[in-house]
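Here is a short briefing on one protein model. Keep the sequence and the 3D view open as you read.

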Amino acid sequence: MPQPYSVVWDLDVFFPGGSSSAEFGQFLERIEQEVEQLRGSVQAVSGQSESPGIETLSELVGRMQSITLMLREADSFAGCLAAENQHDKKAVQLNGQIASIGAAFSSVLTRFDQLLRLIPDPAWSALLESDTFRSIAFPLDERRKLALEKLSPEQESLIGDLAVDGYHGWGEAYNTAVGKFSIAFEDNGETVHLSAGQAANKLHSPNRDVRTRLFAEWEKAWGESADYAADALNRLAGFRIQVYKHRGWDRILKEPLDINRMSEKTLQVMWEVIDRNKAPFVAYLQRKAKMLGLESLSWHDVDAPVGQAAKEVSFDEAAGMIVEQFRKFSPKMAEFAEMAFDNRWIEAEDRPGKRPGGFCTSFPIKGQTRIFMTYANTASNVATLAHELGHAYHQHVMNDMPALAQEYAMNVAETASTFAEMIVADAAVKQAASDEERLTLIEDKIQRSVAFFMNIHARFLFETEFYERRKKGLVGTDELNELMTDAQRRAYKDALGEYHPHFWASKLHFYITGVPFYNFPYTFGYLFSSGIYAVAQQEGSGFEDKYIALLRDTGSMTVEELARKHLGVDLTKPDFWQSAVDLAVEDVTQFLAMTE
């Protein structure tokens with residue numbers, strides 16, 4: 001009988017000894033030295049009267065890419081340590097040290113980007129077309145264009161230096177507060193202390209009494225932490241607004257759209273199509289309420305399972321199911337997933353002290369990834385596991401590419417993960433042993449559509465309005481609660497009977513400093529992957545290599561160019577988005593017919 005898969009990841013393969021690893025300390029020292037050496041070289045070139053030639057630029061770019069990979073390796077290691085044990089204070093210190101090194105590197109990159117500005121346009125075009133730079137022409141040109149829109153190198157370096165203890169410091173302060181978050185909850189006559197991650201899992205309980213009691217405690221606990229969260233949220237937004245003002249950027253969405261290589265027109269059309277198609281999802285929420293014997297759903301009912309057929313799925317069963325379904329679409333993807341399970345790339349143990357949520361992070365020097373989640377045998381957990389493996393596979397097929405060409409944006413990252421999730425979810429529905437099980441699995445799929453079309457939309461509406469208010473001054477806790485509730489009402493079309501006022505405090509995504517507006521890319525990824533999935537179903541196994549080609553292009557073009565090249569569609573027009581939403585509506589139609 002085969003040994004069960006480990007639910008605890010292996011980090012020692014990178015640096016033995018965890019947060020006390022001497023080897024990791026030496027690695028960080030080496031990165032610091034490399035950054036300082038690059039700083040000296042960039043300054044020397046900056047002092048020359050002529051713009052850099054192809055050989056000089058090639059040498060600087062090579063070193064820059066090497067440091068980029070080293071920093072990603074370091075950041076992933078420290079991030080994994082902090083996630084697996086929120087009480088590991090040494091890991092928190094390491095994250096701070098890496099942030100400081102990253103700020104120093106950003107300062108060097110700012111000066112490097114200024115060098116690119118000084119190269120005349122004809123010479124620049126010739127450089128990009130050369131064999132030396134052709135594979136990274138897009139990200140290099142992107143850097144040059146952005147440099148032309150920013151402040152002087154001295155000012156941009158100052159912003160980066162101040163961000164370590166200011167901007168990023170507020171993000172860390174929020175993480176510290178969440179690390180101390182705990183809910184005392186009575187379960188089967190015994191009082192247990194739940195971390196944020198464990199409590200979030202219990203909000204999906206099939207027992208409404210458990211959900212109702214826990215949600216009341218959840219809201220109360222976040223209410224007690226709300227002033228700290230409001231401080232962090234206001235300071236993060238204030239920092240961004242001031243930086244944008246000094247750069248002359250008048251649109252709050254400019255940076256998130258640039259980061260996601262996406263036009264405002266594409267974003268606008270996507271939300272318009274979604275908003276026009278919400279009626280079936282409102283009907284689903286009303287039908288679900290009726291099935292649960294309720295007049296209307298509360299916030300904690302939206303993700304609750306219907307019926308009694310939601311069977312538990314062990315970690316090993318989930319692994320087998322995922323590998324089997326990946327193989328039907330892509331043998332290469334299945335082999336990769338097997339390798340991840342065999343080599344302990346996944347941290348899934350359900351234990352106290354872990355941070356909430358799930359993520360996938362890459363170790364590009366080792367050519368490996370690590371997946372973090374808390375697995376509690378639910379269908380939702382299976383979906384999360386498939387989702388994160390999709391992220392991991394995306395990185396896997398790009399490991400041999402130059403560092404700059406590997407830097408894909410969040411929206412296309414979410415495309416790969418959601419695509420993997422769809423493969424497994426659709427297969428589960430088709431293989432259901434009974435109508436009741438099929439209904440449960442279809443409903444689980446619809447829950448994800450509701451999350452992307454309504455929950456994420458509420459986050460987007462909240463942040464958009466919050467930033468407008470923040471321009472006029474600090475936004476208080478009560479006002480944040482009102483903004484959040486109003487955004488949820490608008491996004492859910494008033495379909496719920498109770499909302500989650502403190503969602504803005506409980507959701508880590510609002511406090512991530514690396515990517516502002518950490519919301520709409522999820523919805524983009526969900527719908528974009530639907531379009532890819534439709535093509536994959538038509539072409540079968542022959543689509544495998546095309547899919548890999550699409551993934552490998554994600555760091556080298558805008559999303560509009562990516563869609564045009566690989567799918568032949570125009571993302572600034574509603575047609576593609578409507579066809580993608582239609583696939584989700586089909587699930588609702590089937591659900592409503594089965595529950596007549």
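Is Arg144 buried or exposed? Arg144 is buried, because its relative accessible area is 9% (buried means under 20% relative accessible area, exposed over 50% and partly exposed in between, with a 1.4 Å probe and protein chains only). This is a predicted model, in which local features need pLDDT of at least 70 and side-chain atom pairs count only at pLDDT 80 or more, while totals for chains, interfaces and linings use all residues. Residues are numbered from 1 along each chain as its sequence is written, and side-chain values use heavy atoms, with hydrogens and water left out.

**Helix H5 and Arg144**

- Arg144 sits in helix H5 (helices are DSSP runs of H or I with at least four residues, strands are runs of E with at least two, and both are numbered from the N terminus).
- H5 covers residues 137–149, which makes 13 residues.
- From first C-alpha to last, H5 reaches 19 Å, close to the 18 Å expected at 1.5 Å a residue (the expected span is 1.5 Å times one less than the number of residues).
- The buried residues of H5 are Ala137, Pro139, Leu140, Asp141, Arg143, Arg144 and Ala147.
- These buried residues pack against helix H2 (54–84), helix H3 (89–118) and helix H4 (121–129).
- Arg144 touches Leu116, Arg117, Ile119, Pro120, Asp121 and Trp124, leaving aside residues up to four places away in sequence (contact means heavy atoms within 4.5 Å).

**A sheet of three strands**

- The strands of this open sheet come in the order S4-S6-S5, with mixed pairing (two strands pair if DSSP finds at least two bridges between them).
- Strand S4 (346–347) and strand S5 (359–363) are at the edges with a single partner strand each, so one side of each has no neighbour in the sheet.
- S5 is still largely enclosed by the rest of the structure, because four of its five residues are buried.
- S5 and strand S6 (residues 368–372) run antiparallel and are joined by five bridges.
- Ser362 stands opposite Thr369 in S6, and Thr361 has Arg370 as its bridge partner.
- Four residues lie between the strands in the hairpin of S5 and S6, where Gly367 takes a positive phi near 70°.

- Gln395 belongs to helix H15 (residues 379–396).
- With 3% relative accessibility, Gln395 counts as buried.
- Gln395 touches Arg72, Ser362, Thr369, Gln406 and Tyr408, again leaving aside residues up to four places away in sequence.
- A polar contact of 2.8 Å links the side chains of Gln395 and Gln406.

**Empty space inside**

- Rolling a probe the size of a water molecule over the atoms shows where empty space is left.
- How many cavities of 30 Å³ or more does the structure hold? The structure holds two (on a 1 Å grid over the protein atoms alone, a cavity is a set of points where a 1.4 Å probe fits but cannot get out, and lining residues have an atom within 4 Å of a point).
- The largest cavity has about 60 Å³ of space (grid points are joined across faces, edges and corners, and a volume is the space filled by probe spheres set on the points).
- Its lining is made up of Tyr174, Ala177, Val178, Trp222, Ser225, Tyr228 and Ala229.
- Helix H7 (167–179) and helix H9 (208–247) are the elements that give two or more residues to this lining.
- H9 gives the most, with four residues.

- Most residues other than glycine have a negative phi.
- Lys493 is not a glycine, yet has a positive phi of about 55°.
- Lys493 lies in the loop between helix H18 (477–491) and strand S7 (496–498), and is partly exposed at 38% relative accessibility.
- Phe517 also has a positive phi, near 55°.
- Phe517 lies in the loop between helix H19 (503–506) and helix H20 (520–539), and is buried, with a relative accessible area of 1%.

Note on methods: A polar contact is a pair of N or O atoms within 3.5 Å; within protein, one must be able to donate a hydrogen and the other to accept it, and residues adjacent in sequence count only if both atoms are side-chain atoms. On a 1 Å grid over the protein atoms alone, a cavity is a set of points where a 1.4 Å probe fits but cannot get out, and a pocket is an open set with protein on both sides within 12 Å along at least five of seven lines; lining residues have an atom within 4 Å of a point.
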